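Thanks for coming. I will keep this short, and questions can wait until the end.

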Amino acid sequence: MDFARGEDRQMLFDTLGRFLSERCPPERRMAVAYEPPFHDPAIWAELSELGILSALAPEDRGGFGGTGHDIATVFEALGAGLSPEPVLPALLGLRVLLATDRDVTAALHGQEKLALAWNEGEGGLDLSGLTTRAEGAGGTWRLTGRKSVVYGGQVADRFVVAARHSGGLGLFELARDAARVEPFGMVDGGGAAELFLDDSPAQALLLEGEPVLRDALAWGCVALCAEAVGVMDRTMALLTDYLQTRTQFGRPIGGFQALQHRFVDLAIEVEQARSITILAADALAGAAADRPVSMAKHLVGRVARQIAEEAVQMHGGIAMTWAAEISHCAKRLVMIDHQLGDTDDHLERLMAAPADA
C-alpha cells in the first residue's frame, strides 16, 4: 500500500492547514467553539469557497473527491487545526443523500447545512434499539420520537432522520422548522442538538435505509480517526515545544530520559494510529469495510485517550488551564473516542464478526 497522499491531496491538506492556521488560530477557536452557534459562520463560508466540502463528494455528483482517502485528508487537516466547524455532520448527511437522486449542490457549496439524526441512546452503532416511528405512505410521512446528540444539529437547515416504519428502518428528510430543536455545546467545543419529533412532516429518502445508514456511519468513523490523527500531531508538536522550553534543575525537562522514553512511546502509537486509519480509508472502496473500520476506531480511540492523558501529565498543572491549548486538544481526543461508537463498542463488533466470517 502506498502511504503517500499524492500531489493533489497534499495540496488540499496544505491549503486547508494554512487557512485554519491563519483564520482560526487557537485564541479565535477558543472564542467561537464554546458559544452559540458553536462554530464560526464566516469560517464556514470561506471553507465552502475554498471547495473543501466538495472534496466530500465524487465528480459525478458535483464534487472533486469523495473517496475514503479524500475524506481522511480533509479531516486530518481539520484535526490539526482543531476546527469546530460542522464538517462531520455534512459528511454524514451527504453519504445518505449520495445514495439517492437528491441534488447536493447547495450542501457542497455550504449554502445548506446537513445533520444526520439517528442516535437515541449512548451513541453506539447498535441500530436495533431505535424507536422513532414513521407513519404514512408515498412521499408524505409523519415522524414521532426523539433523537439525541445530533452533531451539527444546532445549525442544521435539513435533517436526515432514521425512523422505523412497517417495512423496516427508513431514512427521511426533515426541514428544521418541522421539529423542535434544542441546541447545546459539547465539552470539547462545537455543537449538537436534541431533536423532538411530534407528528413531524417529512419526505421519504430511502424506505430500506439501514445499509445506507451503516455506510454513512462507517465513513464518519474513518473521518473521526483521521481527525484524531491530526489532533495527535498537533498535541505532539505542543508537547515537543514544552519539553524543549520548560526547565527544571537548570535544564530542559526534555533532556530527562524518563520523559524521552514516554515521548517515544507516544510517537510510535501515533504512527500506529495513522497506519490503521489509512487502511480503513482504503477499505471504504470495497464491500467489506466494517471490520477494518472497527479495527481503526478501536485502536485510534485507545491511542487518543493515551495521548491526551500523557500530554496532560507531562505538561503538569498548566495543562488544566483554559488558556493552555493542550487542554483543548486533550478534550477533543477524548471526545472523538466516544463519537460513533467508543473502543468498547467497536471491540464488541470485532468479537461478534470473526476475521474469517
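First, the ground rules. This is a predicted model, so local features need pLDDT of at least 70 and side-chain atom pairs count only at pLDDT 80 or more, while totals for chains, interfaces and linings use all residues. Residues are numbered from 1 along each chain as its sequence is written, and side-chain values use heavy atoms, with hydrogens and water left out. Helices (H or I, at least four residues) and strands (E, at least two) are DSSP runs, numbered from the N terminus.

Now the cores. A nonpolar core here is a set of buried Ala, Val, Leu, Ile, Met, Phe, Trp, Tyr and Cys residues joined through side-chain atoms within 4.5 Å. Buried means under 20% relative accessible area, exposed means over 50%, and partly exposed is in between, with a 1.4 Å probe and protein chains only. The largest core has 97 residues, and those with the most contacts inside it are Leu16, Phe75, Leu116, Trp118, Leu213 and Met232. Helix H7, residues 210-245, gives the most to this core, with 20 residues. What does leucine 16 touch, leaving out residues up to four places away in sequence? With contact meaning heavy atoms within 4.5 Å, the partners of leucine 16 are Leu47, Ile52, Val74, Ala77 and Leu78. A second, separate core of 19 residues includes Ala117, Leu143, Val161 and Leu197.

Next, charges. The structure holds 22 salt bridges, each being a side-chain nitrogen of Lys or Arg within 4 Å of a carboxyl oxygen of Asp or Glu. Glutamate 173 takes part in two that I want to show. One is with arginine 102, at 3.0 Å from N to O. Arginine 102 lies in the loop between helix H5 (87-97) and helix H6 (105-108) and glutamate 173 in strand S5 (residues 168-175), so this pair ties together parts 71 residues apart in sequence. Arginine 102 is partly exposed at 25% relative accessible area, whereas glutamate 173 counts as buried at 14%. The other is with arginine 158, at 2.0 Å from N to O. That pair links strand S4 (residues 158-165) to strand S5, across 15 residues, and both of its members are buried. There is also a network of salt bridges that links Arg5, Glu76, Asp233, Glu271 and Arg274.

On to the helix. H9, residues 290-315, has 26 residues and reaches 37 Å from first C-alpha to last, close to the 38 Å expected at 1.5 Å a residue. That expected span is 1.5 Å times one less than the number of residues. Glycine 316 follows H9, with a positive phi near 80°.

Glutamine 248 sits in strand S8 (residues 247-248) and is partly exposed at 31%. Its C-alpha is separated by 37 Å from that of phenylalanine 13, which is 235 residues away along the chain.

Last, cavities. On a 1 Å grid over the protein atoms alone, a cavity is a set of points where a 1.4 Å probe fits but cannot get out, and lining residues have an atom within 4 Å of a point. Points are joined across faces, edges and corners, and a volume is the space filled by probe spheres set on them. The count is two cavities of 30 Å³ or more.

Technical notes
1 Å grid on protein atoms, 1.4 Å probe; cavity = no way out; pocket = protein on both sides within 12 Å on 5 of 7 lines; lining within 4 Å.
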